[in-house]
Amino acid sequence: MKKDTDFIDGLLGRMTLSEKIGQLNLVTPGGETLTGTVVNTDVAEKIKTGRIGGIFGVKSAEAVRVFQDLAQETRLKIPLFFAEDVIHGQKTIFPLPLALAASWDMDLVRATARVAAQEAASIGIDQVYSPMVDVCRDPRWGRIAESPGEDPFLASRFAEAMVEGYQGGDLSRPDAVMACLKHFCGYGGGMGGRDYDAVDLSPATLHDVVLPPFVAGLRAGAGSIMASFNTLNGVPMHANRAVITELFREKLGYEGLVVADYTGILELIAHGVASDRADAARLGLSAGVDLDMVSETYLDTLEQSVKAGLIGEAEITAACRRVLEAKLKLGLFDDPYHRLDWGRAAQPILTAANRKLAREAVAAATVLLKNDGELLPLPEPKSGKIGSIALIGPFVEDRVNMNGTWAVAGSPSTVVPIADGLREAVGNAVGITIAKGANIVDESWLATRLNVHDWKDLSVVIDIRSPEAMISEAVAAAMASDVTVAVIGEAREYSGESSSRTDLSIPEPQKKLLRALKATGKPLVVVVMTGRPLSLAEETLLADALLVAWFGGTEIGHGLADVLLGKAEPSGRLPATFPYCVGQVPVTYAHRPTGRPTPGRFQKFTSGYVDLPDDVAQNDGLYPFGFGLGYGKVAYGPPRANRTKLSGDDRLEMTLTVTNLGDLPTSETVQLYIGDPVASVSRPVKELKAFRKVALAPHAAATVSFVITAEDLDFSVAETVTDTRRRAESGAFDIHVGPNSRDTQMVRIIWDGPQSGGKRS
Ligand code: BGC
């Protein structure tokens, strides 16, 4: 008979205090990627004595079985659960989360999470530390690579799709894994873009910008969340009872697990809010953090704290109950080995279907920023219109960087390099000449830092040849070819955890390469590998066609060849503003108006930068949020509203026609933004409220409609972090529709509703 909650009650009744505390201990056996200096020891011994509840970072089915067998030797035989950082794929690596968000295709996002779940579950993983849904408006922060970007609405849709994909609607399925929304919360707003740094946010911004993706993930049924490393308005999140327990659990109804981040409980001492390990453990547990990751402060101190009357056993029981309930939902009490057994039978790893999805994801995520003279797509190889391609840059034969950051189980050996993909696509019809052209970076100290996670293969290898010799070889290859494709960018660990940058430009050796390639006069396609928005002002001038390919994962070679040759369209749209330069960040299209708004170009005594050239937007960067071209030519008809006044439960329908005037099929991401020009507080100039990705055959038109309700008009009026009140205010609202956040057409409507709302939590 299937175990149920009565079973949990019975089990809890039989557990000693120390067994309950043991369930709250989450460890890693170490090895490979570690993100902190503390590592757990004596893991096997601790399992056998009931002092571990879950393990993360176990890399094989065999190891999972060995650890689970040990748990079966304990008095109560409570199974372990296994977690892993599956961030954008397990073995089949998909484009980075930021890139997947750039697809604006939530069916695709969901499908990638489903594949990742199946691959991970097949080696016995029960929980993944994903999706990361930290809204981030400062691309200096390296972890923007793992995030869905700058916008709470896009991030919310991403959160739902990922949770649905991972959990598959039923966590007890052997191919389902528990999602973990992270990092809760505010982590994307650290001072100076530095990782782990302090975050100060008004309560309303917390509710309007930071929390929506967590709430969306909660409503999609996410089984767990992870606390974040930062302080929020002075209170470290691992000790933040107001936000974790009073707001998220008690007011918003979250019932799942709360996991600490790596040594996050222990770090309460360094944060200056706990005097010692016992104090840290007590604060963490009281805040509502159920599982102590790596620190082992719960294990070492909670029993003593109960005896000393500093903490009640009931709090420990409550946390333990949530751990046991998670194991119950995961089907582990019925059969601790069911994922392993299913995986052995199904063997869902790196299948042709998984690779196909990864290949499609590359095109869907790639953003075309410029395409002068319709240089892309390149002519069909057999057309005779192109005889040779110079494929240049430090990434063209690379496997190690292609998976990007946080691909802990992904292997470079399974990656299709860009050169292989292109060669395969053109066959004998087109000659391809390859040259490295430049090192990713020239500084050896920087290379050492960027190679931090490379045990076998290095991602940054400084060539024994001089920079000049490499450039000469590349220039000769370009001169002898019809078109140059230069692949440049960041090393994979230039973004990711603890990889903040003070500069957002392409490293200088690669810029020099591009300048030399431009000087050849040959048509130049520039492909950018990156984990963050970069400042691409010079590259925009140098390139005839400019693509942002992020880090595309296992199938990058095939996927990019599809894009270059027009077998697939680069249909991504920027999920975060690409600034003109680093001095513009933090930056977002959804900024509040100032009392002295910039008229577009610089004008003295308006908000902006005196040293930004006139053709650069002062506050939405070089390329705005939502921007991206396609291979079609899309024209927008005028947006029409079926009514211009609404009140109560009215629904306003906004309709417009988009037409592909081009000869190639295309897909267009139609975006709808709302602005509230007069309100009791100064509201962001525009906020994304809906989008639709539509396929358009050559010369075809499609009618797109959006429904707007009062919920799309309201905003937080929170005065404290736990205040969930929202309000839509009567008056004018501007509905903007267009291909990106900058180039929109506007219709004004009137909301005639009650002045105070508080409708939603
Ligand atoms: C990261 C988390 C990750 C954890 C476990 C931490 O350093 O912040 O995102 O899940 O390590 O690897």
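Predicted model: local features only at pLDDT ≥ 70, side-chain atom pairs only at ≥ 80, totals over all residues.
Student: In which sense do β5 and strand β6 (residues 224-227) pair, and over how many bridges?

Tutor: Start with the general idea: the strands of a sheet are held together by backbone hydrogen bonds and run either parallel or antiparallel. In this case, β5 and β6 pair in the parallel sense, over four bridges. To count as a pair, two strands need at least two bridges found by DSSP. The names come from DSSP runs too: helices are H or I runs of at least four residues, strands are E runs of at least two, and both are numbered from the N terminus.

Student: Now helices. At what angle do helix α4 (residues 61-71) and helix α15 (residues 338-346) pack?

Tutor: First, how to read such an angle. Axes are lines fitted to C-alpha atoms, for helices over the stretch in contact, and angles run from 0 to 180 degrees between N-to-C directions. Under 35 degrees counts as roughly parallel, over 145 as roughly antiparallel, 65 to 115 as roughly perpendicular, and the rest as oblique. Here α4 and α15 pack at about 155°, with their axes 10 Å apart. That makes the two helices, α4 and α15, roughly antiparallel.

Student: Is the crossing of α4 and α15 left-handed or right-handed?

Tutor: A crossing is left-handed if the near helix is turned anticlockwise from the far one by less than a right angle, and right-handed if clockwise. The crossing of α4 and α15 is left-handed. Ala61, Val64 and Arg65 in α4 meet Leu340, Asp341 and Arg344 in α15, where contact means heavy atoms within 4.5 Å. The contact residues split into three nonpolar, no polar and three charged. For those classes, Ala, Val, Leu, Ile, Met, Phe, Trp, Tyr, Cys and Pro count as nonpolar, Asp, Glu, Lys and Arg as charged, and the others, Gly among them, as polar.

Student: What about helix α1 (residues 5-14) and helix α14 (residues 313-329): how many Å apart are their axes?

Tutor: Their axes are 10 Å apart, and α1 and α14 pack at an angle of about 135°. α1 and α14 are therefore oblique to each other. Their crossing is right-handed. Residues of α1 including Phe7, Ile8 and Leu11 meet residues of α14, among them Cys320, Leu324 and Leu328. This contact of α1 with α14 has seven nonpolar, two polar and three charged residues.

Student: How many aromatic pairs does the structure hold?

Tutor: Rings of Phe, Tyr and Trp (its six-membered ring) pair if their centres lie within 6.5 Å; planes under 30 degrees apart count as stacked, over 60 as edge-to-face and the rest as tilted. The structure holds 16 aromatic pairs. In one of them, the ring centres of tryptophan 104 and phenylalanine 625 are 5.4 Å apart and the planes are at 45°, so the pair is tilted. This pair links distant parts of the chain, 521 residues apart.

Student: Last one: which peptide bond is cis, with omega near -10°?

Tutor: The bond from phenylalanine 184 to cysteine 185. Cysteine 185 lies in the loop between β5 and α8 (203-210). The bond from serine 130 to proline 131 is also cis, with omega near 10°, and proline 131 sits in the loop between β4 (127-128) and α7 (152-167).

Definitions and conventions:
Residues numbered from 1 in each chain as written. Heavy atoms only, no water.
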